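Good morning, and thank you for coming. Please look at the sequence and the model as I speak, for I shall begin with aromatic rings and then turn to nonpolar cores.

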Amino acid sequence: MNAPALPPIDSRQRLAALAARVQRLAKHPGDLPSIAIAAACVRGLARDAERRLGLPDLAALAMALEPLLLQLHRREQRCDAATVMLLLECVGHMGDLLDDGVSHDEAERRARGARLQGRLLALQGRADPGIAPPTGPQVWRVAANHWHLSLRYRGRLSGPKDDPLRLLQVLQQQGELRAVEVLDDALPSPEAFDPRDCRLGFEIAWAAPGDGPAVLLAGLGSVADWCLLPPRCPLTDYVDLLRRRPEPPTRLGERLLACASLSRLELDYALAALAHPCGPPPPSAG
Amino acid sequence: MKLLAECRDNRTVLRLSGALTAAGASAAQRQLWAALAAAAGDCELDLSGLRRIDAIGLQLLLLARQQALRQGRRLHLGRLGIAVGRSLAPCRPHACFAAATDDGQAA
């Protein structure tokens, strides 16, 4: 596919405004001003995509999205968690289409767009035979192209080889250490604590080739709980991480943002999925 | 580890030297807590004389920061020696300390 013209800033501003309004809907479902502004943003995006940017996929998705927003505005649809999550997915995919490079696979990206359109139309009661309904499991993969390592030390280290600072040095030697966030949330009060125990936590963004990381970390099992998420892994893996860790999800989420392992949109979706466990299974993007 | 406290401009500078590691963590904690209890105003850690630090040492410094907050004062991270700076560099220690202080204040 030929690279499209660089989107002018107003398209990105529209998308940012749309994302902000949809995120507001996640907190205030049915907020009419947000829906109205979102619809206006989508209409503008559809026009830009079709006339100026030459992005037919983006135009098609925006045109499928606008009627749903109008239905929401007219109260013909319930603005429930499932709907908001679908909106968030659409916004995420629109961002990918504008960036034109987040998705590695053109076919995968088109399939994701088609699936989203199919779901939008199905929700509006307008099944389109030209658009295949979603088939099989759908997976929304995060945009981050680095490994994410989440570590929680749980007590006495058996020696210098277990020292987290040494591990960081090894990671630095064997790849690119992109971000390290140190968490001291689990430190007990000093009176009830043996200072020789290590209770630090680390969130680490690390770019490294191949399957080496898992081998590298295999020895950590006895001194730390660790979780290694590969590049472009399903967003649900991060939802699981947020669910399993003891820190409040919003607080841990900010650390994942600081590592650039999740984007703001991905984090909002993950938090929404955590808050609505009975909602649809997290999402569906390419 | 050795600790020297020096009052300067309404703040107390805590100069650490030697090694701040798991091996001497208990003694180091006692010294730090005593220095914090005796300090006037906010405190600053000067690690330029420290030769070695490990994760337990870093954890002790973060605990000291929490302890200072409980006492209603701030504990800032000041100068680092070359070796300690190299060991802590991946953790961005100054940002880590500042963020932790902000969190503590927010709480």
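Rings of Phe, Tyr and Trp (its six-membered ring) pair if their centres lie within 6.5 Å; planes under 30 degrees apart count as stacked, over 60 as edge-to-face and the rest as tilted. This is a predicted model, in which local features need pLDDT of at least 70, side-chain atom pairs count only at pLDDT 80 or more, and totals for chains, interfaces and linings use all residues. Residues are numbered from 1 along each chain as its sequence is written, chains are lettered from A and ligands numbered from 1 in the order in which they are written, and side-chain values use heavy atoms, leaving out hydrogens and water.

How many aromatic pairs does the structure hold over all chains? There is one. The ring centres of A:Y153 and A:F202 are 6.2 Å apart and their planes stand at 85°, so the pair is edge-to-face.

Is A:Y153 buried or exposed? With 4% relative accessibility, A:Y153 counts as buried (under 20% relative accessible area, with exposed over 50% and partly exposed in between; 1.4 Å probe, protein chains only). A:F202, at 0%, counts as buried.

Let us turn to the cores. A nonpolar core is a set of buried Ala, Val, Leu, Ile, Met, Phe, Trp, Tyr and Cys residues joined through side-chain atoms within 4.5 Å. The largest has 60 residues, and A:L18, A:L69, A:M94 and A:Y238 have the most contacts inside it. Apart from that core lies another, of 57 residues, including A:F202, B:C43, B:L47 and B:L77.

Finally, A:L69 touches (heavy atoms within 4.5 Å) A:I35, A:A38, A:A39, A:V42 and A:L87, not counting residues up to four places away in sequence.
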